[in-house]
Amino acid sequence: QVQLVESGGGLVQAGGSLRLSCEASGRTFSNYAVAWFRQAPGKEREFVAGITSGHITYYASSVRGRFTVSRDNAKKTVYLQMSTLKPDDTAVYCCAADRNGDMLAFSPREYDYWGQGTQVTVSS
């Protein structure tokens, strides 16, 4: 069983930066793939970025070059560094963990555990 808790969201002006954290419980966290998803009002949940157990990273085209995902297994934490934020990045951001850590899934249905989410609001 893994529990995930996100933090770091908030209100920021366009062009600014935020760093989200996803802290996990559970002894085998290092074996999991972890992804960030976001959901804006009236829109479907979408994949943002993810990292496998082998530290391979993937990004949605809309955030590539602006966001960076990383993990610190000793701290059982995955980070999402967000830079050059745009109003379109406004959403609730959730992290999710997949026991199949060698691969990264892009569909939310593949993930076993979810955090509650943290709100990110980017003002223009």
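**Ground rules**

I number residues from 1 along each chain as its sequence is written. The model is predicted, so local features need pLDDT of at least 70 and side-chain atom pairs count only at pLDDT 80 or more, while totals for chains, interfaces and linings use all residues; side-chain values use heavy atoms, with hydrogens and water left out.

**Entry 1: the sheet**

I began with the strands, which are DSSP runs of E of at least two residues, numbered from the N terminus. Which order do the strands of the open sheet of four take? I read 1-3-8-7, with antiparallel pairing. Two strands count as paired if DSSP finds at least two bridges between them. A reminder to myself: strands of a sheet pair through backbone hydrogen bonds, either parallel or antiparallel.

I then looked at one pair, strand 7 with strand 8, and found six bridges in the antiparallel sense.

**Entry 2**

Thr68 sits in strand 7 (residues 67-72). Its bridge partner in strand 8 is Gln81. I also looked up the contacts of Thr68 (heavy atoms within 4.5 Å). Not counting residues up to four places away in sequence, Thr68 touches Tyr59, Tyr79, Leu80 and Gln81. From Thr68 to Ser83, 15 residues along the chain, the C-alpha atoms are 8.5 Å apart.

Is Ser21 buried or exposed? Ser21 is in strand 3 (residues 18-24), and I put it down as buried because its relative accessibility is 14%. The cut-offs I use are under 20% relative accessible area for buried, over 50% for exposed, and partly exposed in between (1.4 Å probe, protein chains only). Thr68, at 43%, is therefore partly exposed. Beyond four places in sequence, the residues that Ser21 touches include Val5, Trp36 and Thr77.

**Entry 3: the core**

Next came the largest nonpolar core, which has 39 residues. Such a core is a set of buried Ala, Val, Leu, Ile, Met, Phe, Trp, Tyr and Cys residues joined through side-chain atoms within 4.5 Å. Trp36, Leu80, Met82 and Tyr93 have the most contacts inside it. Among the strands that each supply at least two residues of this core are strand 3, strand 7 and strand 8, as well as strand 11 (118-123).

**Entry 4: loop residues**

Lys76 is in the loop between strand 7 and strand 8, and I noted its positive phi of about 55 degrees although it is not a glycine. Thr84, in the loop between strand 8 and strand 9, likewise has a positive phi, of about 50 degrees, and is not a glycine. Both are partly exposed, Lys76 at 28% and Thr84 at 46%.

Lys86 is in the loop between strand 8 (77-82) and strand 9 (91-98). Leaving aside neighbours within four places in sequence, I found Lys86 in contact with Arg66 and Val122. The C-alpha atoms of Lys86 and Asp112 are separated by 30 Å.

**Entry 5: salt bridges**

How many salt bridges does the structure hold? I have four on my list, using a side-chain nitrogen of Lys or Arg within 4 Å of a carboxyl oxygen of Asp or Glu.

- Glu46 pairs with Arg38, with the closest N and O atoms 2.6 Å apart; Glu46 is partly exposed at 35%, whereas Arg38 is buried at 7%.
- Arg66 pairs with Asp89 at 2.8 Å between the closest N and O atoms. This pair links distant parts of the chain, 23 residues apart. Arg66 is buried at 12%, and Asp89 is buried at 1%.
- Arg99 pairs with Asp112, and the closest N and O atoms are 3.1 Å apart. Both lie in the loop between strand 9 and strand 10 (113-114), so the pair ties together parts 13 residues apart in sequence. Arg99 is exposed at 53%, while Asp112 is partly exposed at 30%.
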